[in-house]
Amino acid sequence: MFFKLLFSIIASISITSGVAILYEGLKVFSLVDGITIINLIALSCLILITILYSEKQYNEKHEELKEHSTQLEFLAQHDQLTLLPNRLYLESILTQHIEKKEPFYLLFLDLDSFKHVNDYYGHSFGDELLKQVSKSLQELFTLDGFVSRMGGDEFIILYYSNNREEVRAKLDILIETLTIPTTIHDHHFSVTTSIGVSHFPSNTTNSDKLIIQADLAMYHSKDKGKNQYSFFTEHLLAESDEKLEIQRDLRSAMKHNHFTSFFISHFMTYRMKRLLILKLF
């Protein structure tokens with residue numbers, strides 16, 4: 001439609017201009033020559049307008065594709081529920097800080113009893129809780145940290161400090177902040193959490209190991225109770241290896257039927273139980 005209108009206008013201009021040239025008594029060109037020249041000028045204008053219009057269309061499409069690409073990149077690097085950076089984004093940030101040799105603490109945070117929250121209140125309640133926790137974490141670490149969601153009820157925070165006492169103070173504030181009661185779907189609710197902490201570079205210079213160490217320390221915190229945090233130590237690693245070894249031995253014993261059951265009466269005295277155990281072994 002645009003080009004049809006353009007052609008009509010140019011044709012009208014060409015004929016009118018040709019007649020004007022003849023009327024003004026220009027003897028150099030005939031009517032046909034005048035119209036031909038005007039048509040050439042009009043055609044040149046048409047080509048120029050077409051080029052400009054095509055360039056405008058190209059720029060618009062280019063901007064649309066660029067915006068679409070930016071959106072796809074954001075979705076690939078962020079959690080869709082909370083819009084926090086995901087593990088992929090976290091790994092790139094970890095790599096940058098490790099390459100620059102910038103000390104930091106890695107906090108592995110897990111919400112206590114979150115599965116029971118989903119089972120009792122429903123997943124929509126759990127999703128809203130995760131959003132509120134994410135908002136609180138972002139506000140708390142806006143200036144001195146990087147907050148990401150690993151999935152489920154697990155978050156990893158990079159705290160840009162090399163001072164353990166600063167970390168302890170920050171963790172106390174974090175726990176206190178999450179414990180403040182909040183209202184979700186007309187229910188008053190407060191969050192408790194377990195946190196494990198590892199440190200770059202004193203614990204390790206490997207990003208995967210940093211996460212594993214903090215995860216291990218987090219489970220140690222869970223064993224201590226709710227709203228606890230623990231720093232990774234080699235002792236925790238030794239304990240973990242020992243537990244894994246016991247689990248392997250138990251699985252092997254069950255597989256090969258190495259268990260034997262003994263009945264010990266509840267009414268036996270302590271001395272009688274000791275004598276029985278000594279005889280058995």
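Predicted model: local features only at pLDDT ≥ 70, side-chain atom pairs only at ≥ 80, totals over all residues.
The side chain of K222 meets that of D112 in a salt bridge, with 3.1 Å from N to O. This pairing brings together distant parts of the chain: K222 belongs to helix 7, while D112 sits in the loop between strand 1 and helix 4 (114-121), and 110 residues separate the two. D112 has a relative accessibility of 11%, so it counts as buried.

K222 has another partner to look at. A salt bridge also connects K222 with D110, and here the closest N and O atoms are 2.7 Å apart. Again the link spans distant parts of the chain, from K222 in helix 7 (residues 207-224) to D110 in strand 1 (residues 104-111), 112 residues apart. D110 is buried, because its relative accessible area is 7% and buried means under 20%. Taken together, D110, D112 and K222 form a network of salt bridges.

K115 pairs with D119, and the closest N and O atoms lie 2.9 Å apart. These two residues are separated by about one helical turn, because they are 4 residues apart in helix 4. Both K115 and D119 are exposed.

Next, follow the chain back to the loop between helix 2 (31-77) and helix 3 (87-100), where you will find D79. D79 has a relative accessibility of 15%, so it counts as buried. Its side chain makes a polar contact of 2.6 Å with the side chain of T82. If neighbours within four places in sequence are set aside, D79 is in contact with L84, P85, N86 and R149.

L83 also has its place in the loop between helix 2 and helix 3. L83 is partly exposed, because its relative accessible area is 49% and exposed means over 50%. Together with L72, F74 and L75, L83 makes a nonpolar surface patch of about 380 Å².

Finally, step back and view the chain as a whole. It contains 9 helices and 7 strands. The chain has 281 residues, of which 32% count as buried; D79, D110 and D112 are among the buried ones. How much of the accessible surface belongs to carbon and sulfur atoms? The share is 59%, out of an accessible surface of about 19,000 Å² for the chain. As for how the chain is connected, consider contacts between residues at least 6 apart in sequence: 64% of them join residues at least 24 apart.

Key: Residues numbered from 1 in each chain as written. Heavy atoms only, no water. Buried < 20%, exposed > 50% of the residue type's maximum accessible area, 1.4 Å probe, protein only. Polar contact = N/O pair within 3.5 Å; in protein donor to acceptor, adjacent residues only side chain to side chain. Contact = heavy atoms within 4.5 Å. Patch = residues over 30% accessible without salt bridge, like charges linked within 9 Å, V, L, I, M, F, W, Y side chains within 5 Å. Areas by Shrake-Rupley, 256 points an atom, 1.4 Å probe, with all protein chains shown as cover. Salt bridge = Lys/Arg side-chain N within 4 Å of Asp/Glu carboxyl O.
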